[in-house]
Amino acid sequence: MAIRQIRVQGDEILNKKSRIVKEITPRQEELIKDMIETMHDADGVGLAAPQVGVLRRIAVIDVGEGPIVLVNPEVIETSGEQTGQEGCLSVPGKVGIVTRPNYVKVKAFNEKMEEFEIEGEELLARALVHEIDHLDGHVYTEIVQGELMDVTYEEPEEEDEA
């Protein structure tokens, strides 16, 4: 496994539509493992293959319950809406206000090409739609309401040992 370079906004690959995955090859198995490691290393909750320079319909998500692998995902149902701050590993140091569905049902394949459906609300719904947008060549900044805002992450303070 390896940490891959995350492409940032301005890189043309982020605006291209990804190709369907017909089978999982050893190369794509390695890509999936690398994507999970890269996402965790960057403290992200999702990562799509185009963000690491690969135009394949593969995304990974982890909202704190373990990684979810999505191959050829498609949204089949949405309802409600939520408006809140959204960030992206391809737009480092920035967040923006985005409205997304509050509930999403997605059909996809796992890393063994077994079909499944996943339902998500709130953060998981936001992450699912965000990553599928990447696979279609879209970045959240296209739908942000207002201006992007700078975000800084504070380092956790170390406790003094007595």
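Are Arg-100 and Asp-133 buried or exposed? Arg-100 is buried, and Asp-133 is buried as well. The legends below describe close-up views of this predicted model.

**View 1. Arg-100 and Asp-133 form a salt bridge between a strand and a helix.** The side chains of the two residues meet with a distance of 2.7 Å, taken from N to O. The pair joins distant parts of the chain, since Arg-100 lies in strand β5 and Asp-133 in helix α2, 33 residues apart. Both residues are buried, with under 20% relative accessible area as the cut-off for that label. Arg-100 and Asp-133 also belong to a network of salt bridges that includes Glu-86 and Arg-126. In total, the structure holds 11 salt bridges.

**View 2. Lys-94 and Asp-150 form a salt bridge between two strands.** The N to O distance between these side chains is 2.4 Å. Lys-94 sits in strand β5 and Asp-150 in strand β8, so the pair links distant parts of the chain, 56 residues apart. Lys-94 has a relative accessible area of 29% and is therefore partly exposed. Asp-150 counts as exposed because its relative accessibility is 59%, the cut-off for exposed being over 50%.

**View 3. Strands β4, β5 and β8 make an open sheet of 3 strands.** The strand order is β4-β5-β8, and the pairing is antiparallel. β4 (82-87) and β8 (145-150) stand at the edges; each has a single partner strand, so one side of each is left without a neighbour in the sheet. Direction ignored, neighbouring strands of this sheet are turned by 30 degrees against each other on average. β4 and strand β5 (residues 94-100) run antiparallel and are joined by 6 bridges. Gln-82 has Arg-100 in β5 as its bridge partner. Helix α2 packs on this sheet, where it touches β4 and β5. The direction of α2 makes about 60 degrees with that of β4.

**View 4. Strands β6 and β7 run antiparallel and are joined by 7 bridges.** Strand β6 covers residues 103-109. The bridge partner of Val-104 is Gly-120, in β7. A further pair for this view is the salt bridge of Lys-107 with Glu-115. The closest N and O atoms of Lys-107 and Glu-115 are 4.0 Å apart. Lys-107 counts as partly exposed because its relative accessibility is 27%.

Technical notes:
Residues numbered from 1 in each chain as written. Predicted model: local features only at pLDDT ≥ 70, side-chain atom pairs only at ≥ 80, totals over all residues. Heavy atoms only, no water. Pairing = 2+ DSSP bridges. Helix = DSSP H or I, 4+ residues; strand = E, 2+ residues; numbered from the N terminus. Axes fitted to C-alpha atoms, helices over the stretch in contact; angles between N-to-C directions. Contact = heavy atoms within 4.5 Å. Buried < 20%, exposed > 50% of the residue type's maximum accessible area, 1.4 Å probe, protein only.
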